[in-house]
Amino acid sequence: MSTLQSHPPHILSLLDRLHAESTTQESSIPRATYTTPSADTFHTLMRDKFIALEQDKCHFIYQLARTLNATSIVEAGTSYGVSTIYLALAVADNLAAAPAASGRGTVIATEYEPAKAEQARKHWAECGEAVSSVIDLREGDLRETLKTNLPERVDMLLLDIWTPMALPTLKLVQPKLRYGAVVVADNTLSSAEGYKDLLEYVRAPGSGFSTLTLPYKGGLEMSVYLPRQ
């Protein structure tokens, strides 16, 4: 069984460097930016920003993906591909732990900005084939790129994206979520107003979701999909 710390040193060093760069950038971005109603303003400001999931949260989603034995993950909001690396490592580890399992693992990553997508690919290539081979990067508006060719069974969905896009993304992926799949949304406390629609949706009686806000910086919502059978 592989743990995160047992992965190749060059991958761990790359992740440390990318997290440090992301933290430096994020400290200069006003929190209100994440909930602005203007898509144009948001995309213009974020065009060259990491907006990466914090390192402790990335360690958590890696462990969560291992716990779920996830081999099919969708990530909304890839940016420079930092959190994608953790998800890909988890999927690769899960496949290695069950080599007789049929099919292959996939992390479907989405990114709106072509320059970010290009840089993400470079980071994944730097990690090597074990990471890059399990990632399916879809560039453009995820409302289009996630409409088709989703796996029949999705184990996990990560929402680390402009908040107004969170609920539309969930509704696109939800028909493919398996029983017990987990949806993780970042900064649901610090950006609660922007996540209002999503949180009302998953917390509504009969939604099929059991949800909990985890005490990470900014809040991390973990929703388990348990629809009535």
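Are phenylalanine 209 and tyrosine 225 buried or exposed? Both residues are buried in this predicted model.

**View 1. The largest nonpolar core comprises 40 residues.** Ile73, Ile85, Trp124, Val131 and Met156 have the most contacts inside this core. At least two core residues come from each of several elements, including helix H1 (9-26), helix H3 (55-67), strand E2 (106-111) and helix H5 (114-127). Helix H4 provides the largest share, eight residues. A second, separate core has 25 residues, among them Leu150, Val154, Trp162 and Val183.

**View 2. Helix H4 is mostly covered, with 12 of its 16 residues buried.** Among the buried residues are Val82, Ile85, Leu89, Asp93 and Asn94. Beyond its neighbours within four places in sequence, isoleucine 85 contacts Ile11, Leu14, Leu15, Trp124, Cys127 and Val131.

**View 3. The model contains two aromatic pairs.** Phenylalanine 60 and tyrosine 216 form a tilted pair, with centres 5.6 Å apart and 45° between the planes. This pair joins helix H3 to the loop between strand E6 (209-214) and strand E7 (220-225), across 156 residues. Phenylalanine 60 has a relative accessibility of 19% and therefore counts as buried, whereas tyrosine 216, at 24%, is partly exposed. The pair of phenylalanine 209 and tyrosine 225 is also tilted, at 4.8 Å centre to centre and 40° between the planes. Phenylalanine 209 belongs to strand E6 and tyrosine 225 to strand E7, 16 residues apart.

**View 4. The charged end of lysine 116 sits over the ring of tyrosine 80.** The distance from this charged end to the ring centre is 5.9 Å.

Definitions and conventions: Residues numbered from 1 in each chain as written. Predicted model: local features only at pLDDT ≥ 70, side-chain atom pairs only at ≥ 80, totals over all residues. Heavy atoms only, no water. Core = buried A, V, L, I, M, F, W, Y, C linked by side-chain atoms within 4.5 Å. Buried < 20%, exposed > 50% of the residue type's maximum accessible area, 1.4 Å probe, protein only. Helix = DSSP H or I, 4+ residues; strand = E, 2+ residues; numbered from the N terminus. Contact = heavy atoms within 4.5 Å. Phe/Tyr/Trp six-rings, centres within 6.5 Å; stacked < 30°, edge-to-face > 60°. Lys NZ or Arg CZ within 6 Å of the ring centre and 35° of its normal.
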